[in-house]
Amino acid sequence: MMNKFRKLQETWLSKFILILTALSFMSLFGVSGYMGSVGKNKPVIKVDEYEVLQSEIAQRLEQQMQVAKGLFGDNLELNESIRNAMLQSIVQKVLTDTILQKTADEQNINISDNLVRKIIYSQAEFLDAQGNFDLQKLRRVLAASGWTENRYVGSLKLDVVKQQLIQNPADNINVPNVLAEYLTKAENQKRIFKYVKIDPAKVKIDRKISQDEIEQYYEDFNAEFVAPEERDVSFIVLSTDDIAKKVTIDEAEIEAYYQENIAQFETPETRDVLQMAFENEETAQKASHALKQGKDFYDVAKELAGQDKTATNLGFVSQDMLIADMAEPVFAAAKGDVVGPVKSEMGWHIMKVADIKSGSKMDKNKAKNKIVSTLRKDKAYEQAYEISSQIEDKIGAGASLADIAKDMNVKIYEVSGLSEDGKAKSEPKAYASLLKSNDFVDTAFSYNVDEVSQVVETDDGFMVLKVDAIRDTHPKTIDEVRGEIEALWEANERSAIAQEIVNEVMHDLETGEEIEKVAERNQLPLLKTGSLPRSKNFESIAPNVMLELFQETAGTPKLINNDGVQIVAVGIDVAPAKEPSKDEVQQVARRTKMDLANDYAYALIEDFGSDYDVRVKYRLLGLAD
């Protein structure tokens, strides 16, 4: 049900966030909520009197970035462009949600707590082994998600609002068969293209840059030829792994952890379950009778429950993944047995045990290494903070980095020529990723020469650094940038020559000359495609450009900029489309309906928003200069 409500999520990352999110139930179950102070945060999104503060956008951005790292690993480099893309997506979603909330309130659309409860109770991740709602499980998921309680309740209710305001109207769009047939024929239409490519990188330059030109470039682009501020720093690192190696764990701790976390070392029994669901007992009994007569489970499910094989086969599931009314009888049945009809609050169910995989339990001795490693890391984190406090005291008392390194028995590493983009002239390879982190760079550029930093927490422990030297930003000499100037000049020269060739080719083709002669005169290889439908492309040309090519009259030249490479293409033939099959027409109709539904949904949102005073302060969000 949750997935059904979330069809209109805008960002790619939001699909993954659904895995980690949980509901907020402060108004429903009395769970104490996190109440963050908005302080002096300014509103960045306004829809009439409805406001969204900077703090909410910042919180959502941080949450998405953490989710991304969790999904793709800590080595995922969330650079400025990715961050801005995430931020833009969040702003767009929050703006849309605010408009919809305003519209819902204007139209007196209220979502009851009772409906929210029903949705909650239907979620398997919140149920215990007996299939009953488990508030503790919900709290654990909520804590792991980083969602505030009020926000999640609002999010769930807004999903239902979206269904009423947008999804239901959009789903009612139909594509007439005559239009689907026309679109299918248009898609099946084929054309052959002849084309030439002008790549500036492959253009030959018949001269070299002169000294006068070098001097002129140096004068014209002097703002680009500036050496950034650089710093030499020394640093020490204390990793939790190193601390963990010195931690001892006794047998009593191992035994206690094993018993308290026994679920980690058990693989529950799973069963391959087939299921069919009915709204009334009469149809369920009819299906049960058909099964007793020997009919195939899938055939009965298709005929009486309207289910395909995907909906019927649940795959291998554990007992706690089934609803309470079905879990116990299904896991008490033998392989091949049919269970039901059984009634639940969701209807009538019949299930079949297609196969059984026995559970297993890892012996404590086999689990010992994993337990010891976990306990050592837990204790290492505790000790790390104690050590961190001790180092802070030493720094406050005037201890040098050498003194601290000696006391901690760690090595001092040196970095030379560190700039604010994280690049360095020399660095210890073992800590290359640390040096590129914002924490390291920000710390290195926050202190003066000979100052020792505070303790900075890292992904693997913590560090302390000292600034050894500072070289201020300064203009580079013309000799230092000669190579840069020559490369810049060559790139501009190649582009200029390539553009002259493009202009000549387009002029000759537009005056009626054949592409074969134009290609030969300009010493360009003439390329030719096979017979292509609109859905195919060549040279990785974008689909919208391919549509433009098909719309051009045969023989008309089309200029395409393909990642810097200029392509001049001419459509030379149109093959008549074959009569489409019924399946092809249906596929096009489904795809067209989906496209139209999406367009209609966005049009509805824009129409709702046009009634309000909508403002977004991009400057405060960091998305505008």
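Q: Where does A354 sit, and why is A354 called partly exposed?
A: This is a predicted model, and in it A354 belongs to strand β10, residues 347-357. The relative accessibility of A354 is 31%. Buried would need under 20% and exposed over 50%, so A354 with its 31% counts as partly exposed.

Q: What does A354 touch, leaving out residues up to four places away in sequence?
A: A354 touches D272, L274 and K335. Take D272: 82 residues separate it from A354 in sequence, yet their C-alpha atoms are 5.2 Å apart in space.

Q: How many of the chain's contacts between residues at least 6 apart join residues at least 24 apart?
A: That share is 71%. For background, the chain has 625 residues, of which 38% count as buried, and it holds 25 helices and 20 strands.

Q: What makes R271 and E269 a salt bridge?
A: Look at the gap: the closest N and O atoms are 2.6 Å apart. The cut-off is within 4 Å, so R271 and E269 pass as a salt bridge. As for the idea behind it, side chains of opposite charge can pair when their charged atoms come close.

Q: Are R271 and E269 buried or partly exposed, and how do you know that?
A: R271 has a relative accessible area of 6%. Buried means under 20%, so R271 is buried. E269 comes out at 30%, which falls between 20% and 50%, so E269 is partly exposed.

Q: What about R207 and E213: why is this pair called a salt bridge?
A: Their closest N and O atoms are 3.0 Å apart, which is within 4 Å, so the pair counts. R207 has 37% relative accessible area and is partly exposed. E213 is at 21% and also lands in the partly exposed class, because buried would need under 20%.

Q: How do you know that K436 and E427 still count as a salt bridge?
A: Their closest N and O atoms are 3.9 Å apart. The rule says within 4 Å, so this pair makes it. E427, at 26% relative accessibility, is partly exposed. A search of the whole structure turns up 28 salt bridges.

Q: Why is Y182 called exposed?
A: Y182, found in helix α9 (residues 177-188), has 58% relative accessibility. Exposed means over 50%, so Y182 gets that label. Together with V178 and L179, Y182 makes a nonpolar surface patch of about 330 Å².

Q: Why are β12 and β13 called edge strands in their sheet?
A: Start with the order: four strands form an open sheet, β12-β5-β14-β13, with antiparallel pairing. β12 (413-418) and β13 (456-457) each have a single partner strand, so one side of each is left without a neighbour in the sheet.

Q: What makes β13 and β14 count as paired strands?
A: Two bridges join β13 to β14 (residues 461-471). Pairing needs at least two bridges, so β13 and β14 qualify. They run antiparallel, and E457 stands opposite F462 in β14. These two strands form a hairpin, with three residues between them.

Q: How do you know that β5 and β14 are paired?
A: Count the bridges: β5 and β14 share ten, in the antiparallel sense. At least two are needed, so the pairing holds. Here V237 stands opposite M463 in β14.

Q: Which helix lies across β5, β13 and β14?
A: Helix α17 (residues 364-396) does, running at about 35° to β14. Helix α18 (residues 401-408) packs on the sheet as well, touching β5 and β14, and its direction makes about 20° with that of β5.

Terms used: Residues are numbered from 1 along each chain as its sequence is written. This is a predicted model: local features need pLDDT of at least 70, side-chain atom pairs count only at pLDDT 80 or more; totals for chains, interfaces and linings use all residues. Side-chain values use heavy atoms; hydrogens and water are left out. Contact means heavy atoms within 4.5 Å. Axes are lines fitted to C-alpha atoms, for helices over the stretch in contact, and angles run from 0 to 180 degrees between N-to-C directions. Patches are made of residues with over 30% relative accessible area and no salt bridge: like charges are joined within 9 Å, nonpolar side chains (Val, Leu, Ile, Met, Phe, Trp, Tyr) within 5 Å. Accessible areas come from the Shrake-Rupley method with a 1.4 Å probe; for residues, only the protein chains shown count as cover. A salt bridge is a side-chain nitrogen of Lys or Arg within 4 Å of a carboxyl oxygen of Asp or Glu. Buried means under 20% relative accessible area, exposed over 50%, partly exposed in between (1.4 Å probe, protein chains only).
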